[in-house]
Amino acid sequence: MKDRYFLLLACLGLLTLVLFILSLLTGPASLCVSDSLHALLTGRGDAIVLVMREIRLPRALLGVLIGASLGLSGAVLQGYLRNPLAEPGLLGISASASLGAVIAIYTGLSLVFPLALPLMALAGAVIAVFIVQMLAGKGAGVLTIILAGVAVSSLAGAMTSLALNLSPNPFAAMEVVYWMLGSLTDRSMLHVQLAAPFILIGWVLLFSLGRSLDALTLGSDAAASMGVSIKRVQWLAILGTAASVGASTAVSGAIGFVGLIIPHLLRPLVGSQPSKLLPVSALGGASIILAADILVRIIAPGRDLKLGVLTAIVGAPFFLWLVFRTRRTAL
Amino acid sequence: MSLLHVSDLQVSLGTKKVLNGIGLAVEKGEFIGLIGPNGAGKSTLLKTILGLIASSGNIILNGRPSSSLSLLERARLAAYLPQEREIGWAISVERLIMLGRIPHKGAFAAIDPHDLLVVDAAMRRMDVEAFRHRSAQELSGGEKARVLIARAMAQEAPLLLADEPTAGLDPAHQIGLMQSFAQMAKESSTVIASMHDLGLAARWCTRLVLIHNGQIVADGAPKIVLTRANLHQVFGVEVYLEATAQGLIVQPVAMTDSKNG
């Protein structure tokens with residue numbers, strides 16, 4: 001049983017590594033494999049180094065960071081809310097981060113100062129957390145938190161629509177819409193440096209919840225009687241998601257369905273134990289985002305197909321299939 | 001020193017006083033049945049003892065005020081079986097029971113041989129070994145209940161608080177459970193169980209506590225608590241009562257007239 005789990009971890013780890021390397025090797029500039037890897041590692045070879053280190057490496061790194069954040073936070077939220085339909089977007093964090101970014105684009109701040117966009121998005125995520133926490137109150141039930149998240153999501157969505165509605169020119173509106181579709185194109189090392197600290201802190205918070213989530217399988221009263229502080233779990237789950245997914249949304253835009261589907265897909269493989277689901281979901285999420293980001297470059301080179309569009313196109317039918325399967329087993 | 005000492009316990013939910021001046025001293029080795037009609041405050045009392053519900057008054061667990069205990073310290077002193085038989089994920093029976101070991105483990109400690117021993121013993125006690133590898137969600141209601149009781153036993157706390165543990169069990173497993181609790185009370189853990197089956201309570205518990213409208217109406221040996229007058233007043237039922245060689249037989253037979261019309 002234990003061996004099988006480690007085997008699964010190793011396979012997913014290997015898959016992530018392979019996809020990471022493939023991502024480094026994919027792009028419009030046709031470079032040969034040995035040259036590009038050589039340039040990446042040694043830093044010798046002028047133009048190739050630039051392509052590898054400044055364009056492809058940040059893109060691949062962000063793929064890993066963002067994918068893992070989505071998978072991990074999805075697994076934590078499903079465990080915490082004891083609901084297989086929970087996902088990072090549910091808490092209103094993605095929508096609020098998007099709103100922050102939209103305001104940065106709308107006001108023209110992002111033109112003056114490029115990092116204003118991710119910074120405003122992060123601020124949006126932080127504000128969402130405080131509103132959700134405030135609405136939910138201390139020691140809130142699962143339902144209250146979901147409702148608070150839905151309320152914050154709707155409000156942020158409405159404000160985003162308002163910004164689009166009142167957009168001073170079609171180009172700003174276009175930029176907002178494109179940004180919201182979610183993409184890793186043209187992100188720099190600066191984006192990695194900005195997002196990575198938040199994402200890593202978020203991971204630490206989320207990973208620390210493993211055992212508490214196991215106990216929560218039996219409900220919050222039973223978990224509390226086993227020494228789990230429900231209030232602490234609530235804070236860590238929400239803050240960890242805000243830090244990791246907020247920072248992810250800040251640099252990539254909203255990418256849906258990964259946080260919902262990855263934990264779902266992997267749960268049966270770990271015997272449904274919430275703590276064991278965390279690391280595999282992180283690796284699974286990283287693999288999916290890397291794979292999707294490779295695909296958008298292969299399917300439509302030059303057309304800038306958005307990553308978030310691809311995950312939604314593949315994710316939504318898959319989700320339908322899951323619902324269908326659940327319905328069949330429930331009957 | 002009592003294992004649990006409760007005095008002047010008050011709990012209000014909203015404007016309603018759910019517990020009003022509860023006082024209770026529980027000694028090691030007791031098997032206490034908590035009886036009373038629906039809404040009397042049995043579940044609330046159990047949750048309050050565990051610190052899950054805010055209260056005023058004193059709760060002293062193993063000589064220390066409950067409020068001064070950390071969550072983990074409390075978890076090592078008192079295990080709890082909630083009335084809702086919630087199992088969120090399709091984890092195996094064995095893993096579910098292993099969850100009871102959480103309060104005894106460091107943050108990253110692996111399962112050790114002692115844990116396995118404790119879990120095996122709990123499984124034997126509740127007769128669930130046969131489906132140890134099955135998903136806990138696929139079990140029948142009574143099987144789930146037995147698995148969850150085994151989980152609480154695996155916590156190895158000196159005090160076990162069980163909310164309607166016999167609900168949903170077949171007669172053989174009801175008696176088996178009561179025997180296990182009586183045995184545990186003799187050997188290691190004190191048990192407080194809320195229950196509705198007066199017959200089982202009378203036969204197996206060493207002491208009964210009768211609660212009505214948030215107050216303790218009677219407290220003592222079964223034959224002292226289960227009197228016609230008490231049952232008439234609190235439950236509004238007429239009972240058939242007989243002391244036999246196997247203990248007290250209690251069988252409610254009819255509602256009293258005042259309740260009927």
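Student: What volume does the largest pocket have?

Tutor: This is a predicted model, in which local features need pLDDT of at least 70, side-chain atom pairs count only at pLDDT 80 or more, and totals for chains, interfaces and linings use all residues. Residues are numbered from 1 along each chain as its sequence is written, chains are lettered from A and ligands numbered from 1 in the order in which they are written, and side-chain values use heavy atoms, with hydrogens and water left out.

The largest pocket has a volume of about 1,600 Å³. A pocket here is an open set of points on a 1 Å grid over the protein atoms alone, where a 1.4 Å probe fits, with protein on both sides within 12 Å along at least five of seven lines; grid points are joined across faces, edges and corners, and the volume is the space filled by probe spheres set on the points.

Its lining comprises 46 residues, a lining residue having an atom within 4 Å of a point. Nearest the centre lie A:R211, A:D214, A:Q273, A:S275 and B:A109. By class, 22 lining residues are nonpolar, twelve polar and twelve charged (Ala, Val, Leu, Ile, Met, Phe, Trp, Tyr, Cys and Pro are nonpolar; Asp, Glu, Lys and Arg charged; the others, Gly among them, polar).

Helices (DSSP runs of H or I, at least four residues, numbered from the N terminus) contribute from both chains. Helix 1 (2-25), helix 10 (210-216) and helix 14 (274-299) of chain A, with helix 3 (93-98) and helix 4 (113-125) of chain B, each supply at least two lining residues. Helix 1 of chain A gives the most, with five residues.

On cysteines, the structure holds zero disulfides over all chains (sulfur pairs of cysteines within 2.5 Å).
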